[in-house]
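User: I would like to learn how to read a few geometric features in a model. Please take them one at a time.

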Amino acid sequence: MRRREFNKNLLGLPLAAAAVPSMAWGVASDLDASLLPPGGSITDVPGLKVGHYTLKERPTGCTVMICEEGATAGVDVRGSAPGTRETDLLSPINQVQKVNAIMLSGGSAYGLDAAGGVMRYLEEKGFGYKVGAGVVPIVPAAILMDLGVGGFKPRPNADAGYAACQAATTGPVAEGCVGAGAGATIGKMFGGKFSMKSGLGTASVKIGDIVVGAIVAVNAVGDVVNPQTGKVVAGARSEDGKGYRDSMSQMMGGYRVQIQRGANTTIGLVATNAKFTKTQMCKIAQMAHDGYARAINPVHTMGDGDTIFSMSTGTTDVQADESAIGAIAATVMARAIVRAAMMATSIPELGLVAYRDYAGRLG
């Protein structure tokens with residue numbers, strides 16, 4: 001697929017699906033680990049399993065977070081182009097108190113089908129909301145728009161969701177161009193030809209017996225910024241290939257942008273082992289959006305469907321304050337976002353360069 005064709009496709013112009021050879025997506029070069037924000041993994045939160053499924057046919061996939069025994073959950077949607085499932089159920093005034101899994105997926109609204117595979121997997125294991133003689137697994141989900149990255153089809157489906165569940169473990173979570181982050185891109189305010197490859201990141205922190213973790217697939221229209229330095233890590237590249245445009249600076253100067261409506265979205269989850277109610281978890285999800293605002297600029301636009309879920313596995317009896325956990329969650333989420341951009345790998349055949357391979361980042 002030629003770079004010119006990819007740029008048209010990313011901007012939403014009609015294109016036939018390109019024939020992309022089956023491969024492990026991403027070409028990796030060396031990355032100085034000392035440059036990364038503090039890591040860890042959302043699976044450091046006791047009670048959580050995470051699994052990815054990445055399609056071979058084109059860069060897309062899904063990521064599932066499972067709490068088989070159920071977790072108290074919340075959600076906060078800030079972007080204006082969301083694609084979600086079962087978010088109303090998470091309202092504190094609604095009946096069901098716990099979820100069994102949360103699914104993040106590529107494939108735009110088609111990718112919501114992946115949650116059906118998660119339900120099938122959990123039903124086979126006997127996990128879910130008990131109804132009569134059976135169970136109904138509760139699986140909220142959110143998607144990002146990666147259609148056009150290497151083609152319009154295939155998209156993650158129920159089989160992909162099921163396979164992600166089969167791959168789920170309590171071990172370290174793979175980052176970069178995997179699962180829901182496989183087709184993620186960033187820095188698209190000035191057209192696809194200046195954008196960069198992004199991916200999925202995770203981070204965690206332990207404070208005494210309490211653990212707070214985050215996982216996020218970053219497909220933002222804006223740039224990823226390091227909150228510690230205020231500098232763009234990855235995003236819209238400059239025309240001469242030397243550094244970054246700095247989307248906000250360009251807009252403040254009156255530069256015209258090219259935003260494809262509903263074509264972006266950052267989707268993520270924060271989790272803790274501290275016990276909270278649904279109301280408290282919704283507040284924690286709300287506060288975690290501060291992490292988006294610190295590490296993505298601009299964010300929550302009309303072209304983004306930015307969504308954050310929250311989960312409490314409740315495996316510790318240590319009392320915690322929801323405001324403190326929300327503030328910590330925002331910090332951990334910002335770290336995960338920067339890691340998502342830095343851990344991504346380039347896809348040369350699609351003309352997509354990642355942070356680690358962009359010589360201009362050193363300019």
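Analyst: Helix α5 passes α6 in a right-handed crossing; right-handed means that the near helix is turned clockwise from the far one by less than a right angle. Helices here are DSSP runs of H or I with at least four residues, strands are E runs of at least two, and both are numbered from the N terminus. This is a predicted model, where local features need pLDDT of at least 70 and side-chain atom pairs pLDDT 80 or more, while totals for chains, interfaces and linings use all residues. Residues are numbered from 1 along each chain, and side-chain values use heavy atoms, without hydrogens and water.

User: At what angle do the axes of α5 and α6 cross?

Analyst: Axes are lines fitted to C-alpha atoms, for helices over the stretch in contact, with angles from 0 to 180 degrees between N-to-C directions. For α5 (residues 278–295) and α6 (residues 322–343) the angle is roughly 40 degrees, and the axes come within 7 Å.

User: Which residues make the contact?

Analyst: Contact means heavy atoms within 4.5 Å. Among them are Ile284 and Met287 of α5, and Ala330 and Ile337 of α6.

User: How many aromatic pairs are there?

Analyst: Rings of Phe, Tyr and Trp (its six-membered ring) pair if their centres lie within 6.5 Å; planes under 30 degrees apart are stacked, over 60 edge-to-face, the rest tilted. The count is 3. One of the pairs, Tyr110 with Phe152, is edge-to-face, at 6.3 Å centre to centre and 80 degrees between the planes.
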